[in-house]
Amino acid sequence: LTGGDGRNYELISAPLPNPDGTVDEAIEVVRDITERKEAEEKLKKAERERTAILDSIMEQVLYHDPHMKIQWANRAAGESAGLSPQKLMNRHFYEIWHQRSRPCVGCPVVKALKTGQPEQNEIASPDGRMWLVRGYPVKDENGAVTGVVEVVLDISERKKAEEARRESEERYR
């Protein structure tokens, strides 16, 4: 409810049953919830802003829990997998992109989870694409790793251009 003063109120009503089970009266409590509503709106706005920012970039951005399950993914990650970001949730990235039952050797996400340090590596996927994969550990206030942010960029075209340049230089020599 919104009062004439512009504040938000919550009305809680509880019946007061008579000994025979009928109800003639009720207790009503009105509580000012303006601050809670304002905090909820600020939180929703911050979530919308975070999503808009991360969905604007071309890199794939995923957040993994300590069990390597995806907890959040941006639009680029979903598009890369051919799925909505919501359909990536609680799945392992290596099953989706690499059709594997466990992470690749040298996976920077696994390394970051274990070392607590940022890690990166170039990884090839079964479809022939090359990826620059970075893993950034997320730590709690005690320094314990609670998850990993994975940032992935498709570098296939760059790698092909580098290889073509290298071959051209070799032919020239």
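A nonpolar core is a set of buried Ala, Val, Leu, Ile, Met, Phe, Trp, Tyr and Cys residues joined through side-chain atoms within 4.5 Å. Buried means under 20% relative accessible area, with a 1.4 Å probe and protein chains only. This model is predicted, so local features need pLDDT of at least 70 and side-chain atom pairs pLDDT 80 or more, while totals for chains, interfaces and linings use all residues. Residues are numbered from 1 along each chain as its sequence is written, and side-chain values use heavy atoms, without hydrogens and water.

Start with the core. The largest one has 20 residues, and Leu62, Ile70, Leu88, Phe93, Trp97 and Val109 touch the most other members. Two or more residues come from each of β4 (70–73), α4 (93–98), α5 (108–115), β6 (130–139) and β7 (145–154). Helices (H or I, at least four residues) and strands (E, at least two) are DSSP runs, numbered from the N terminus. Helix α4 gives the most, four residues.

Now take Phe93. Beyond its neighbours within four places in sequence, Phe93 is in contact (heavy atoms within 4.5 Å) with His64, Met68, Ile70, His98, Cys107, Val109 and Glu150.

Next, the sheet. Five strands form an open, antiparallel sheet in the order β4-β3-β7-β6-β5. Strands pair if DSSP finds at least two bridges between them. β4 and β5 (119–124) are the edges, each pairing on one side only. β5 and β6 share six bridges. Here Asn121 stands opposite Val133 of β6.

Finally, Asp55 lies in helix α1 (34–56). Asp55 is buried, at 18% relative accessible area. Its side chain reaches the backbone nitrogen of Arg75 at 2.7 Å.

Notes. Buried means under 20% relative accessible area, exposed over 50%, partly exposed in between (1.4 Å probe, protein chains only). A polar contact is a pair of N or O atoms within 3.5 Å; within protein, one must be able to donate a hydrogen and the other to accept it, and residues adjacent in sequence count only if both atoms are side-chain atoms.
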